[in-house]
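Please read the points below with the sequence and the model open side by side. They are meant as a colleague's note.

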Amino acid sequence: MQETQNEVQNLQSQVEELQKWRSLGVFRITAYWFGEDEYGDLTSTGVKAQVNHTIAVDPEIIPYGSKVMIDGQIYVAEDCGGAIKNNVIDVWVENQSNSFGVKYTEIYIKREK
């Protein structure tokens with residue numbers, strides 16, 4: 001009985017968490033890293049890019065500071081770039097060997113409260 005109640009509470013928590021996110025559709029996802037351009041690890045918002053945290057976005061599509069979920073990982077929109085237009089996101093990775101090429105996946109943005 002107690003185990004079933006715990007399972008129900010866990011599922012309710014998961015549903016509540018998922019309701020905090022909304023789909024923005026399918027985006028083209030690429031990677032970028034230190035040394036790829038003249039800016040190094042300094043983002044356009046003035047913070048240092050971090051692995052598993054920083055993404056470059058088109059700020060007209062995804063505002064700076066937004067939390068974005070890509071394949072279950074949560075990132076923060078802190079950068080932009082010349083090739084980052086419309087439904088394209090660049091994920092900051094440690095170095096070029098961590099690049100994954102190009103993938104297309106549905107992304108989610110955290111809803112404003």
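**Notes on the predicted model**

1. The largest nonpolar core has 13 residues, and those with the most contacts inside it are Ile-55, Ile-62, Ile-70, Ile-89 and Ile-107. Strand S1 (21-32), S3, S4, S5 and S6 are the elements that give two or more residues to this core. Here a nonpolar core is a set of buried Ala, Val, Leu, Ile, Met, Phe, Trp, Tyr and Cys residues joined through side-chain atoms within 4.5 Å, and buried means under 20% relative accessible area, exposed over 50%, and partly exposed in between (1.4 Å probe, protein chains only). Apart from this core lies another, of six residues, among them Tyr-32, Ile-84, Val-88 and Trp-92.

2. This is a predicted model, in which local features need pLDDT of at least 70 and side-chain atom pairs count only at pLDDT 80 or more, whereas totals for chains, interfaces and linings use all residues. Residues are numbered from 1 along each chain as its sequence is written, and side-chain values use heavy atoms, with hydrogens and water left out.

3. Ile-62 deserves a look of its own: neighbours within four places in sequence aside, Ile-62 is in contact (heavy atoms within 4.5 Å) with Leu-24, Phe-27, Val-57, Val-68, Ala-77, Ile-89, Ile-107 and Ile-109. Across the protein, 71% of the contacts with a separation of 6 or more are between residues 24 or more positions apart.

4. The secondary structure comes to one helix and six strands, taken as DSSP runs numbered from the N terminus (helices H or I, at least four residues; strands E, at least two). Read along the sequence, the pattern is α-β-β-β-β-β-β.

5. Two salt bridges are present, a salt bridge being a side-chain nitrogen of Lys or Arg within 4 Å of a carboxyl oxygen of Asp or Glu. In the pair Asp-71 and Lys-103, the closest N and O atoms are 2.7 Å apart. Asp-71 lies in the loop between strand S3 (67-70) and strand S4 (73-79), and Lys-103 in strand S6 (residues 103-110), so this pair ties together parts that are 32 residues apart in sequence. Lys-103 is partly exposed, at 30% relative accessibility. In the pair Asp-41 and Lys-48, the closest N and O atoms are 3.8 Å apart; Asp-41 is partly exposed, with a relative accessible area of 21%, while Lys-48 is exposed at 56%.

6. Buried residues make up 31% of the 113 residues in the protein. Val-102, in the loop between strand S5 (88-92) and S6, is partly exposed at 43% relative accessibility.
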